[in-house]
Structure formats: structure tokens, C-alpha cells
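Keep the structure open while reading.

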Amino acid sequence: MKVLHLTLKKKWFDMILSGEKKEEYREDKNYWRKRLLLRGEVADGIWYNEIHFKNGYGKNAPFMRVEFLGLRPNYKAEAKKEWGYTDGVFIIRLGKILETRNCAR
């Protein structure tokens, strides 16, 4: 099973947990290109089975497992300004929450 591990600030973690946020953004930088793309193309994106989100780095940090639904191209018009990005992002599509731990859900 291929897992993408991401650490989030509380605001974004809680929005995903509540179901309000159905996608996660990562800046279009070399760091994320290496982790999300094969051969540098979104059409050749690496497929993950699920995403493991943590809110913090501690042993008992809030955690959730979320279904990975794929990667969409970084369309400038689709980036939500209120969620921190205006252009140059990878859009990671999120599915069902499969498990939570140490969350007030």
C-alpha cells in the first residue's frame, strides 16, 4: 500500500475532518513534484492508496486516514484564495475519512 504522509495546521486538519475541505493543496515546487509526479507530468501522477494526515508531530497528535482520489492539474482559477493559494498548486482530491485517532470528532 502506498501512503502519502502530510502534516497540517489545525485549521486545515479540522476543515478536512468536518468534510468542508475536499481537496488539499501543495505548492508547485520541486519538493512536491518529486513526491507527486512521475516524469514531471500530472497525467503521470504517482498513485497513492490513502493519505495519512497529522496535526502536529507528537506521539498523540490528531490523526486521520483519508482515501486518495487522485491529483488534478494546477489550474490557477481553481485554487481557493481563502485556503492559502492563488496559483501554482497541485490539487490532491480527498475521499472518505477511513479512520481517526485523537480527534474530537
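The points below cover salt bridges first, then the nonpolar core. The model is predicted. Seven salt bridges are counted in it. The largest nonpolar core holds 22 residues.

- K10 and D14 pair through their side chains, with N to O at 2.7 Å.
- Helix α1 spans residues 10-18. K10 and D14 sit four residues apart in this helix, so about one helical turn separates them.
- K10 has 52% relative accessibility, so K10 counts as exposed. The cut-off for exposed is over 50%.
- D14 comes to 31% and therefore counts as partly exposed.

**A buried salt bridge**

- K21 and E24 form a salt bridge between their side chains, at 2.5 Å from N to O.
- Both of these residues, K21 and E24, are buried. Buried here means under 20% relative accessible area.

**A salt bridge between strands, and its network**

- R65 forms a salt bridge with E99. Their closest N and O atoms are 3.1 Å apart.
- R65 has a relative accessible area of 22%, so R65 is partly exposed.
- E99 is also partly exposed, because its relative accessibility is 27%.
- The pair belongs to a network: salt bridges with shared partners join E50, R65, E99 and R101.

**The largest nonpolar core**

- Which members of the 22-residue core touch the most other members? They are L36, I51, F53 and I92.
- Six elements each supply at least two residues of this core: β1 (3-7), α1, α2 (30-36), β5 (50-54), β6 and β7.
- Helix α1 gives the largest share, five residues.

**Contacts of I51**

- I51 is among the core members that touch the most others.
- What does I51 contact, leaving aside neighbours within four places in sequence? The list is L4, L6, M64, R65, V66, F68, I92 and L94.
- I92 is another of the core members that touch the most others. R65 is the salt-bridge partner of E99.

How values were computed:
Residues are numbered from 1 along each chain as its sequence is written. This is a predicted model: local features need pLDDT of at least 70, side-chain atom pairs count only at pLDDT 80 or more; totals for chains, interfaces and linings use all residues. Side-chain values use heavy atoms; hydrogens and water are left out. A salt bridge is a side-chain nitrogen of Lys or Arg within 4 Å of a carboxyl oxygen of Asp or Glu. Buried means under 20% relative accessible area, exposed over 50%, partly exposed in between (1.4 Å probe, protein chains only). A nonpolar core is a set of buried Ala, Val, Leu, Ile, Met, Phe, Trp, Tyr and Cys residues joined through side-chain atoms within 4.5 Å. Contact means heavy atoms within 4.5 Å.
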